Amino acid sequence: MYLFNFYFSIGIFSAFVFVGYWWLYKDRVDIPASLNLMLIRATAYIFVWPVLFWKWFKSEDKTRFITEPELVAPEQRPVDPNIVKNSARNAEREAQTLHQEWLSFVDTLPQCGSHIMYKGTDIYGERLDGRFIFETADLLPLVFDKLNPKPVSFDDTDSANDSLDAECEASDGEAEIDSQTSSWVNTPNLPNTQEHYIHRWLRTYDPALFVCNVVPTSFDRFEYIAADMIEAGKGQVHCKSCDTVYDASDIKAVDGGQGGWILGELYCPSDHLLARRKKIHFMRARSN
Ligand SMILES: [Zn+2]
Ligand SMILES: [Zn+2]
């Protein structure tokens, strides 16, 4: 009981000291806290006085405790440049590891033959009827073009009439695009990087080897290559429901909508779904 009284008398004493401090100094701080807030804080002192009183007693800026809480500026901790450097290095190392994993994955795949078979995939996981068959020789240039987007070429005939400055600008622009293109091709962590590994898989194919390799499921971006091949009129599709092999020109490409997405859908002439992929995502227009 004695200890209890002792504890509370010190707590109440701290609370009074604290409120008194606020009363004395409230006109000297920029944004003094309200009386209610200070009463709540002072009451808290009764219960947790050892901690709070010690905190206040030891703090450099004692007025911090009698201002409105949200207006206290947080201390800016300087960012350690080494941490930034290390995380950049780690990200680079991770990308490098991933690249190595892909390379060893691709290099363990059996050598490609004359044909590649792609089982039609569906983003909703439905089992589909389409079995796409492409000639490896047709696939290679298409994948290569995806990896090497054609640089924008400037019309040289116009620049002859322009001043020297304009010509300089034009050549600067070309150099910039060239470096962009090479970084696009050489950087392993770009969005079209999987095409790089698909290309690596295909390029060692043996045209005399009459086998049909199945596209590994890890190459999930092959759905875009397959769609581009069909659009270019190359390849064939076996529809299991019709039990018929169709030419690329017989396949119907339809844009379907679902939620915010436009889905690219491929159908056989009898409307069996052969493949379905994500195409474009709509950003909903803001209402204001
Ligand atoms: Zn590489
Ligand atoms: Zn069909």
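Buried means under 20% relative accessible area, exposed over 50%, and partly exposed in between (1.4 Å probe, protein chains only). By that scale, Cys-242 is partly exposed at 22%. This is a predicted model: local features need pLDDT of at least 70, side-chain atom pairs count only at pLDDT 80 or more, and totals for chains, interfaces and linings use all residues. Side-chain values use heavy atoms, without hydrogens and water.

- Cys-242, in the loop between S4 and S5, and Cys-268, in the loop between strand S7 (261-267) and S8, link distant parts of the chain, 26 residues apart.
- Cys-268 is buried, with a relative accessible area of 0%.

**Sheet**

- An open sheet of 5 strands runs in the order S3-S1-S2-S4-S5, with mixed pairing. Strands (E, at least two residues) and helices (H or I, at least four) are DSSP runs, numbered from the N terminus.
- Strand S3 (212-214) and strand S5 (244-247) are the edges, each pairing on one side only. Two strands pair if DSSP finds at least two bridges between them.
- From one strand to the next, the twist averages 25 degrees. Axes are lines fitted to C-alpha atoms, for helices over the stretch in contact, and angles run from 0 to 180 degrees between N-to-C directions.
- S1 (115-119) and S2 (130-135) pair in the antiparallel sense over 5 bridges. Tyr-118 has Phe-132 in S2 as its bridge partner.
- Helix H4 (136-147) packs on the sheet, touching S1 and S2, at about 85 degrees to S2. Contact means heavy atoms within 4.5 Å.

**Nonpolar cores**

- The largest nonpolar core has 33 residues; Phe-132, Phe-134, Trp-201, Leu-202, Phe-219 and Phe-222 touch the most other members. A nonpolar core is a set of buried Ala, Val, Leu, Ile, Met, Phe, Trp, Tyr and Cys residues joined through side-chain atoms within 4.5 Å.
- Helix H8 (222-231) is among the contributing elements. H8 gives the most to this core, with 5 residues.
- Beyond neighbours within four places in sequence, Phe-219 contacts residues including Trp-102, Phe-105, Tyr-197 and Trp-201.

Key. Residues numbered from 1 in each chain as written. Chains lettered and ligands numbered in written order.
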